[in-house]
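Hi,

Here is the structure I promised to pass on. Have a look at it first, then read my notes below.

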Amino acid sequence: MYKFKQIKAKYSFFSEVIKPSGERSVFSKIEMVDVLPNRGESLNFILKGSADVFVDGHEPEDFDLIMYRLGQSLYPIELDVLKTGKIKQVKNFAEIQNRWSKECKSILATHKNAYWVVRYINMTSKNICSEVSFLEILGQNNFIQLFLMEQGKIKQHIELSAFPFANSHISVEFNLTSSNETGYQYKSKIGKIDEKICSGYGELDIIYTEKGQPEYVRFLYRVEVHGEGFYHKKININLITNK
C-alpha cells in the first residue's frame, strides 16, 4: 500500500544480461516519474520518459536508435494506479497512439526499404492497437513492474520477457524471506520449464523511503539452459532525486 500522495522523482535504471560465454549486454537510462493525487483509492502516475540512455556504454545508434525513438514517442504515459500497484487505466491512450503513429511515419519516410525496420514497426504496432494490448506490454516492462510492486507483499510476481532468449517469456514468483521497517528480501526458485530451460533462481531486494516510495531495487535472476550453461539478468534501480 502506497503511503505517498505526490512525488516528483528521477531514478537510475541499470540492466545487464550475461550469457554462458561471458558475453555481456548492458542497458542504462534515467527514468522520470511524477505521482499526483487522484480521486478514490488510486494515484495518477505520469511516466515522463527516459534520458541519458546508453546501450553497451554508447548512445543508441542504427537500429537501437530507431527502437529508442519509437519508445520515446509513447511518453508521457499517464496511468491510473491503485494503491496496490495494479494499473486500472491508461488515461492518455489516444494521445499515445497518435504520437506512435506520427513517429512510425517519420521513420518509414527515411527507412521504407529497410526490411528489419518495417518488420519491427509492423510487429510492435500490434501492441498499440488497443489499451488492453498496451497494458499487457506495460506489465512486462522491468522498471514499471519493479516500481509498482506493493510494499510488504508476501509474494511478488515478475514477468521476464526476452530472457534468456529473444522469444522467451518466464513468469516467476518471489517469496518474502526477511524484512524490516523499510526493506524486503525475496527469493525465487523454479524447476524445469521446457526442454531448454532446466531451472531458475532469483533474488529481489527492495528498500523504501519512510513514505513508501521505492528507493533502491536489486533484482537478480539466473536460468540454466540445457547444453549451454547459466544466463544471468541483473537490474538495479536507484532513486536519484525526489521532490
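Below is what turned up in it.

A bit of background: this is a predicted model, where local features need pLDDT of at least 70, side-chain atom pairs count only at pLDDT 80 or more, and totals for chains, interfaces and linings use all residues. Residues are numbered from 1 along each chain as its sequence is written, and side-chain values use heavy atoms, with hydrogens and water left out.

Pro76 sits in the loop between helix H1 (63-72) and strand S4 (77-82), and a cis peptide bond links it to Tyr75, with omega about 0°. Another cis bond runs from Phe163 to Pro164, with omega near 5°. Pro164 belongs to the loop between strand S6 (155-161) and strand S7 (169-179).

That loop between S6 and S7 also holds Ala162, a non-glycine residue with a positive phi, near 55°. Asp62 has a positive phi near 55° too, and is not glycine either; look for Asp62 in the loop between strand S3 (42-55) and H1.

Buried or exposed: which is Asp62? Asp62 is exposed, because its relative accessible area is 63% (buried means under 20%, exposed over 50%, partly exposed in between, with a 1.4 Å probe and protein chains only). Ala162, at 47%, counts as partly exposed. Tyr115, in helix H3 (residues 115-125), is exposed at 54%.

Cheers

Note on methods: Helix = DSSP H or I, 4+ residues; strand = E, 2+ residues; numbered from the N terminus.
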